[in-house]
Amino acid sequence: MNSGEKQSLIKAVNEASPEWLRQFIINQAQFDPTFFRDVTAQFSDLDTDTELAQTKKLIQNTVRKNKSYGFIDYQGCIVICNVLDDVINKYMLRFRQGHYHHAMNGLLLVVETAAKMLSDADSSSGALTDTFDRVFSSMKNLSTNIADEILDSQKEIVIKDVVRVFKRKIFSDWPEQRYQMLYNVLPLITQKSTKIIQTASRNVIKSAGDGYETTQAEIYDKILHSRVLIQLGQQSAATEFMEANKDIPEIREVEIQNAIQNKNYVRAEELCLEASKQDQGWRRIWERYLIKIYDATDQQQKQEAVLENRLFANSPDAYEPLKKLRQQDQTWEDQYPALLNQLAHTLTPENYAFILDKEHEFEKLMQLVMQHPELTETYSKDLYGNYPDVISKLYYQNVILDEKHPGRQAYRRMGRRIKNYTSFGSARTAIKWIDGLIEQYPARPALAEELNKVKSKLE
């Protein structure tokens with residue numbers, strides 16, 4: 001709903017009589033089960049057991065329809081995750097309506113379903129990762145907001161429900177997702193439920209298979225212990241434990257986060273710099289924290305130095321923040337030519353091309369594309385306006401003729417690439433390419449069929 005529609009709705013409701021609104025709600029609720037449950041949840045008693053059972057049935061039916069021979073394909077994964085996202089929205093509405101325990105149980109249904117998909121779904125679309133991120137964020141939001149609203153006995157009931165799911169075998173081989181459940185409900189932790197969580201974690205470690213799974217579970221258990229101590233306000237014990245285990249990068253990260261949270265920026269910086277010398281594998285993570293620290297403490301020169309190091313280490317995401325800082329201190333214009341020259345000799349062609357394109361350095365970008373044909377498809381659209389003839393020639397040679405193995409799938413890709421060219425280039429040139437290819441390969445009817453489909457749309 002856009003802002004105009006919202007204003008119209010507000011106006012209509014304000015002008016309606018209470019009796020008219022009452023009758024409208026009753027009539028609408030009779031024909032719309034979802035609306036009926038929302039109204040009763042807001043103004044009356046909600047049958048939480050029935051709603052949870054209906055949600056479970058909806059999820060099960062959706063999974064069953066999108067599962068074939070025990071596997072969920074690419075598109076099926078997206079469909080199921082879309083339904084799970086709707087479930088998250090519904091139960092966060094229940095949270096806002098005051099049904100706290102019910103809302104958490106609804107979110108746990110999502111977690112359980114998503115966990116089962118980890119092993120039997122094509123999740124390459126990223127939809128499953130997004131669903132996990134959303135449900136864990138919702139669990140944290142819910143826990144944080146109700147921590148001061150409910151009694152310790154009620155908190156312990158919620159924690160027990162989370163632990164019940166935490167212990168399930170569906171999380172075998174997936175310790176990160178298993179422990180994320182607990183991390184995101186820690187605002188509800190009590191002294192009593194701490195023992196429940198710690199016992200469950202130890203049992204999971206005991207039952208884990210040898211090797212990587214056990215090692216990871218032990219690390220996540222130590223992270224859990226650190227965060228529990230912090231959440232309970234036991235700062236001395238937390239600091240002592242994290243100091244004793246700071247050689248584990250994940251524990252050091254928790255200690256850095258805690259130091260930043262407490263505005264102990266000197267200690268946070270020390271931890272980052274110390275780790276940067278010892279653990280190059282996590283260097284980028286420590287640099288990200290250093291940038292936060294220097295930004296919070298207004299240490300611009302140090303921040304620039306970290307960003308420059310990141311940039312020269314082939315992290316183009318550091319380019320824009322570095323540029324912004326140097327524009328603020330008015331040094332960018334003077335330093336830009338030398339910086340660009342340095343980047344030409346340190347960055348990969350792909351990353352250097354990204355920056356040249358961002359800065360509209362089209363002459364340099366054109367030279368780079370000619371030296372590295374693999375960049376042609378990415379930057380043809382931006383370069384065509386200045387170099388139409390050269391780009392057309394390069395696009396034909398490096399993109400259209402790039403298919404090494406003939407076949408219908410290859411011809412379809414060829415057709416899509418020709419069509420893509422016409423989004424910025426000449427349709428007449430594209431038709432010439434099609435006619436020339438069909439004439440050159442008369443013994444390939446599939447090629448002619450696929451390319452003529454494209455041609456018919458261009459004429």
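## A glutamate in helix α6

E112 is found in helix α6 of this predicted model. Because its relative accessible area is 11%, which falls under the 20% limit for burial, E112 is counted as buried.

The side chain of E112 is joined to that of R168 by a polar contact of 2.5 Å. When neighbours within four places in sequence are left aside, the residues in contact with E112 are R164, V165, R168 and I170.

## Nonpolar cores

The largest nonpolar core of the protein holds 66 residues. Within this core, the residues with the most contacts are M117, M139, Y179 and M181. Helix α6, which covers residues 100-120, supplies the largest share of this core, namely eleven residues.

M139 illustrates how such a residue is surrounded. Apart from neighbours within four places in sequence, M139 is in contact with M104, L107, L108, V111, M181, N184 and V185. One of these, M181, is itself listed with M139 among the core residues with the most contacts.

A further core lies apart from the largest one and has 59 residues. Its members include A268, L368, L383 and A446.

## Helix α5

Helix α5 runs over residues 74-96 and has 23 residues.

After α5 comes G98, a residue whose phi is positive, near 100°.

## The protein as a whole

The secondary structure of the protein consists of 25 helices and two strands. Taken along the principal axes, the C-alpha atoms fill a box of roughly 75 × 65 × 60 Å. The radius of gyration is 29 Å, whereas a compact globule of 459 residues would have a value near 23 Å.

Of the 459 residues in the protein, 43% are buried. The accessible surface comes to about 25,600 Å², and carbon and sulfur atoms account for 49% of this area. Among contacts with a separation of 6 or more, 59% are between residues 24 or more positions apart.

Terms used:
Residues numbered from 1 in each chain as written. Predicted model: local features only at pLDDT ≥ 70, side-chain atom pairs only at ≥ 80, totals over all residues. Heavy atoms only, no water. Helix = DSSP H or I, 4+ residues; strand = E, 2+ residues; numbered from the N terminus. Expected span 1.5 Å × (residues − 1). Core = buried A, V, L, I, M, F, W, Y, C linked by side-chain atoms within 4.5 Å. Buried < 20%, exposed > 50% of the residue type's maximum accessible area, 1.4 Å probe, protein only. Contact = heavy atoms within 4.5 Å. Polar contact = N/O pair within 3.5 Å; in protein donor to acceptor, adjacent residues only side chain to side chain. Rg over C-alpha atoms; globule rule 2.2 N^0.38 Å. Areas by Shrake-Rupley, 256 points an atom, 1.4 Å probe, with all protein chains shown as cover.
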